[in-house]
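Welcome, and thanks for taking a look at this one with me. Below is a short briefing, meant to be read with the structure open beside it.

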Amino acid sequence: MSAEFTMRRISPDVYDRMMRGEPPFPYRYVAQSGQVAKRREITAVILANGNQEGPGPAVAIVGGRRIPGEPDDHGGTRAFSAAEVVTVAQALEAFSENEFQRRFERLDFTGVLGAGSDGRPAHDIDIYLDCLHHLRAFYGAAARAGNAMMLWCT
């Protein structure tokens with residue numbers, strides 16, 4: 001994974017056009033955030049409990065449907081329908097900060113962007129808890145508004 005990561009709240013119509021493979025541009029997005037970008041890998045590992053096969057609430061960062069025509073790798077554009085946004089928002093809200101801290105202390109982050117050579121994250125837990133809070137707020141606002149979401153990363 002890389003450090004480039006942007007989340008955009010989009011209308012269900014834009015989501016539908018993207019999923020049909022229609023060019024989505026020009027379009028307007030409702031809101032955009034890149035706040036989690038440089039810390040997304042560590043945050044995703046914590047949320048997934050180190051499990052890429054069943055990422056749980058990490059789906060907020062690593063999930064979504066690949067947009068037709070996008071590269072089949074870790075980059076590109078992925079999207080969630082409005083209904084999927086509600087599910088992701090609920091999973092993030094249900095995830096406890098105590099569990100987040102327990103995983104932060106227990107997991108080995110060797111090889112993860114943002115970790116030191118000792119396998120520990122480069123920042124203290126408060127930085128990554130801020131990412132959790134931001135994900136909750138961004139997905140929660142999208143869910144309440146009936147928005148779909150688009151994730152872009154390189």
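This is a predicted model: local features need pLDDT of at least 70, side-chain atom pairs count only at pLDDT 80 or more; totals for chains, interfaces and linings use all residues.

**What covers helix 2**

- Helix 2 spans residues 40–48, and its buried residues are Arg-40, Glu-41, Ile-42, Thr-43, Ala-44, Val-45, Ile-46, Leu-47 and Ala-48.
- The cover over these buried residues includes strand 1 (5–10), helix 3, helix 4, helix 5 (97–106), helix 6 and strand 5.

**Thr-43, inside helix 2**

- Thr-43 belongs to helix 2, and its relative accessible area is 0%.
- Because buried means under 20% relative accessible area, Thr-43 is counted as buried.
- A polar atom of the Thr-43 side chain lies 2.8 Å from the backbone oxygen of Arg-39.
- Beyond residues up to four places away in sequence, Thr-43 touches Ile-61, Phe-100, Tyr-128, Cys-131 and Leu-135.

- Asn-49 sits in the loop between helix 2 and helix 3 (59–62).
- Is Asn-49 buried or partly exposed? With a relative accessible area of 29%, Asn-49 is partly exposed.
- Leaving aside neighbours within four places in sequence, Asn-49 is in contact with Arg-103, Arg-106 and Leu-107.
- With Arg-106 there is also a polar contact, side chain to side chain, at 2.2 Å.
- Gly-140 is 91 residues from Asn-49 along the chain, and the C-alpha atoms of the two are separated by 22 Å.

- The model has an open sheet of 5 strands in the order 2-1-5-4-3, with antiparallel pairing.
- Strand 2 and strand 3 stand at the edges with a single partner strand each, so one side of each has no neighbour in the sheet.
- Strand 3 (residues 65–66) pairs with strand 4 in the antiparallel sense over 2 bridges.
- On its other pairing, strand 4 meets strand 5 (residues 148–153), again in the antiparallel sense, over 5 bridges.
- Ala-79 is a handy landmark here: Arg-65 stands opposite Ala-79, and in strand 5 the bridge partner of Ala-79 is Met-150.

- Why is strand 4 (residues 76–80) described as largely enclosed by the rest of the structure? The reason is that 5 of its 5 residues are buried.
- Gly-76, Arg-78 and Phe-80 point one way from strand 4, while Thr-77 and Ala-79 point the other way, and all are buried.

**Ser-33, on strand 2**

- Ser-33 has its place in strand 2 (residues 31–33).
- At 7% relative accessibility, Ser-33 counts as buried.
- The Ser-33 side chain reaches the backbone nitrogen of Gln-35 at 3.2 Å.
- The side chains of Ser-33 and His-134 are joined by a polar contact of 2.5 Å.
- Not counting residues up to four places away in sequence, Ser-33 touches Phe-5, Thr-6, Met-7, His-134 and Phe-138.

**Helix 6 and its partners**

- Helix 6 lies across strand 1, strand 2, strand 4 and strand 5, and runs at about 20° to strand 1.
- Helix 4 (residues 82–94) and helix 6 (residues 125–145) have axes that come within 9 Å and cross at roughly 145°.
- That crossing of helix 4 and helix 6 is left-handed.
- From helix 4, the contact is made by Val-85, Val-86, Val-88, Ala-89, Leu-92 and Glu-93.
- From helix 6, the residues making the contact are Leu-132, Leu-135, Arg-136, Tyr-139, Gly-140, Ala-142 and Ala-143.
- How many residues of each class does the contact of helix 4 with helix 6 have? There are 10 nonpolar, 1 polar and 2 charged residues.

Key: Residues are numbered from 1 along each chain as its sequence is written. Side-chain values use heavy atoms; hydrogens and water are left out. Buried means under 20% relative accessible area, exposed over 50%, partly exposed in between (1.4 Å probe, protein chains only). Helices (H or I, at least four residues) and strands (E, at least two) are DSSP runs, numbered from the N terminus. Two strands pair if DSSP finds at least two bridges between them. Axes are lines fitted to C-alpha atoms, for helices over the stretch in contact, and angles run from 0 to 180 degrees between N-to-C directions. A crossing is left-handed if the near helix is turned anticlockwise from the far one by less than a right angle, and right-handed if clockwise. Contact means heavy atoms within 4.5 Å. Ala, Val, Leu, Ile, Met, Phe, Trp, Tyr, Cys and Pro count as nonpolar, Asp, Glu, Lys and Arg as charged, and the others, Gly among them, as polar. A polar contact is a pair of N or O atoms within 3.5 Å; within protein, one must be able to donate a hydrogen and the other to accept it, and residues adjacent in sequence count only if both atoms are side-chain atoms.
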